[in-house]
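The sequence and the model are shown first, and the explanation follows.

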Amino acid sequence: TDFGGRYAAAFTNTTVARSSLKSGYYMVPYAVGDSFANKIADGVSYELVFCTYYDPLTYTDGLKQTKPFASTEAGGIGVCLKANSGVIQLETHVGGGWKSPASDVVPVPNRYYHVIGVWDKAAGVSTIYVDGEYKASVNAAGDFKFMNTNVDKRWFGIGADPGSDDTGQISFYGEVVIARLYDAPMSAAEVAALYRQLNK
């Protein structure tokens, strides 16, 4: 798949799930209270196109979580490859805790996946779709909690998750082609249409 001639960011450090990283990932900074953050807090859709360079179960014995695109230090939103199972999972911290619908998809190395995560604040639901197909929903009522920070710096990481000390953690080994946030919840029909458009 060429995804319309887009470039891919390749994260090639073979030691996955590293912490205290000062480089090797992209940062998208934001501040609580700015217009970007306010739009997330009111309900959000998250889009990710990625591939791994490894089998999540055999490469790390399934024990290590990795995050290709996230802002989830004790709060926030992002997608991970879940520890112990390797499945693609959405994580959203709302209503005082993590609400984490998990797919049944364990990534195959070098195969691209299209992931949409939706947190619908009005409906109180968090949902994950993979390759245009609905996978799971969980109840997710309440207010959004942004990531914790000890140094008053918040950001979305592409290739790693931000830590509270402003370094990267839970690093990813693979490619990220698309990493986007949308300021409103998507419907299932909109998710399917986006996937079809991507694969024209």
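A residue is called buried when its relative accessible area is under 20%, exposed when the area is over 50%, and partly exposed in between, using a 1.4 Å probe and protein chains only. The model is predicted, so that local features need pLDDT of at least 70 and side-chain atom pairs count only at pLDDT 80 or more, whereas totals for chains, interfaces and linings use all residues. Residues are numbered from 1 along each chain as its sequence is written, and side-chain values use heavy atoms, with hydrogens and water left out.

Helices (H or I, at least four residues) and strands (E, at least two) are DSSP runs, numbered from the N terminus. An α-helix has 3.6 residues a turn, so residues three or four places apart point the same way. The C-alpha atoms of Ala188 and Thr127 are separated by 9.7 Å, although the two are 61 residues apart along the chain.

What lies over the buried face of this helix? Contact here means heavy atoms within 4.5 Å.

Two strands pair if DSSP finds at least two bridges between them. Strand 3 pairs with strand 8 in the antiparallel sense over 7 bridges, and Glu47 stands opposite Ile116 in strand 8. Strand 3 also pairs with strand 14, again in the antiparallel sense, over 8 bridges; there Cys51 stands opposite Glu175.

The discussion now turns to the nonpolar interior. A nonpolar core is a set of buried Ala, Val, Leu, Ile, Met, Phe, Trp, Tyr and Cys residues joined through side-chain atoms within 4.5 Å. The largest such core has 34 residues, and those with the most contacts inside it are Leu48, Phe50, Val79, Ile88, Val115, Phe144 and Val176. Among the elements that each supply at least two residues of this core are helix 1 (35-41), strand 3, strand 5 (77-81) and strand 6 (88-94). Strand 3 gives the largest share, 4 residues. Not counting residues up to four places away in sequence, Val115 touches Tyr46, Glu47, Leu48, Phe50, Val79, Ile88, Ile128 and Tyr129. A second, separate core of 6 residues includes Tyr129, Met186, Val191 and Leu194.

Cysteine pairing can be described briefly. The structure holds 0 disulfides, a disulfide being a pair of cysteine sulfur atoms within 2.5 Å. Cys51 is buried, with a relative accessible area of 2%, and Cys80 is buried at 0%.

Elsewhere, an open sheet of 6 strands has the order 2-11-4-5-6-7, with antiparallel pairing. Strand 2 (26-30) and strand 7 (97-99) stand at its edges, each with a single partner strand, so one side of each is left without a neighbour in the sheet. The twist averages 25° from one strand to the next; axes are lines fitted to C-alpha atoms, for helices over the stretch in contact, and angles run from 0 to 180 degrees between N-to-C directions. Within this sheet order, strand 4 (residues 66-71) and strand 5 pair over 4 bridges in the antiparallel sense, and Ser71 stands opposite Ile77 in strand 5.

Asp161 is found in strand 12 (residues 161-162). Is Asp161 buried or exposed? Asp161 is buried, with a relative accessible area of 0%. The residues that Asp161 touches, not counting those up to four places away in sequence, include Lys67, Ala70, Ser71, Trp155 and Ile170.
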